[in-house]
Amino acid sequence: MLTGDGDSSVHREMLEAMPYGPNLMVEKVECKDHVLRNYCHKLTYLTKYTKFPVTSRNLLKQQIPRFRTVVDKAIKYRAAGNEPLNTRICMLKADAENSPLHIFGDHDHCDVYFCNGNKEEEINHIPELKSCGLFQEITKIICGSVSRHVSALIADQNNKLSELFNSIVNKHVTGMFQLS
Ligand SMILES: [Zn+2]
């Protein structure tokens with residue numbers, strides 16, 4: 001993994017953390033902004049599915065900026081952690097997948113750095129969102145748009161270097177490995 005500030009220790013850690021061999025290093029390095037923007041676009045698109053009740057869709061619509069903020073907060077926190085890289089990647093994935101529960105009022109699985117539990121008079125909207133199926137769709141979007149990129153997001157990179165790295169990788173390995 002190439003990082004924007006030329007941090008070779010992250011690169012070394014990534015090499016050491018490859019349980020399935022070096023082919024996984026060909027994974028695209030995603031710029032954080034790009035991933036989060038794409039994530040919010042998909043959530044916004046979900047608010048337009050009229051098969052879900054308008055009240056639930058409005059709940060989601062109001063909270064979309066928070067979806068971005070909480071994942072960004074988790075990336076920053078896990079990027080700076082002292083745990084081994086693989087552990088931090090798993091923790092970031094768990095944080096991202098817990099984030100809709102946190103946003104809609106269920107704090108049972110929130111890490112202590114993340115929040116202080118239930119706020120006064122906060123309503124837990126999770127049962128309502130689960131019963132109409134919207135919660136399950138949100139979870140699918142998180143898995144497809146955030147969870148699959150956690151190994152890149154953990155580097156907390158937000159600049160053109162990740163794009164440059166991708167273009168170099170594409171040039172040199174296209175045809176040798178399947179790029180995702
Ligand atoms: Zn919480």
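**Helix α2 and the zinc site**

Guide: In α2, the buried residues are K32, V35, L36, Y39, C40, L43 and L46. This is a predicted model, in which local features need pLDDT of at least 70, side-chain atom pairs count only at pLDDT 80 or more, and totals for chains, interfaces and linings use all residues. Residues are numbered from 1 along each chain as its sequence is written, and side-chain values use heavy atoms, with hydrogens and water left out.

Visitor: What makes the buried residues of α2 line one face of the helix?
Guide: Seen down the axis of α2, they fall within an arc of 125°, so they share one face. The arc is taken from the directions from the helix axis to the C-beta atoms. On the other side of α2, H41 and Y45 are exposed.

Visitor: Which atoms are the protein donors of the zinc ion?
Guide: They are H102 (ND1), H107 (ND1), C110 (SG) and C115 (SG), 2.1 to 2.2 Å from the zinc ion. Donors are N, O and S atoms within 2.8 Å of the metal (3.2 Å for Na, K and Ca).

Visitor: Why is the arrangement around the zinc ion called tetrahedral?
Guide: Four donors count as tetrahedral if all angles lie between 85 and 135 degrees. Here the 4 donor atoms subtend angles of 99 to 119°, so the arrangement is tetrahedral.

Visitor: Why is H107 called buried?
Guide: Buried means under 20% relative accessible area, exposed over 50%, and partly exposed in between (1.4 Å probe, protein chains only). H107 has 6%, so it is buried; C110, with 15%, is buried too.

Definitions and conventions:
Tetrahedral: all angles 85-135°; square planar, octahedral: opposite > 155°, others 65-115°. Helix = DSSP H or I, 4+ residues; strand = E, 2+ residues; numbered from the N terminus.
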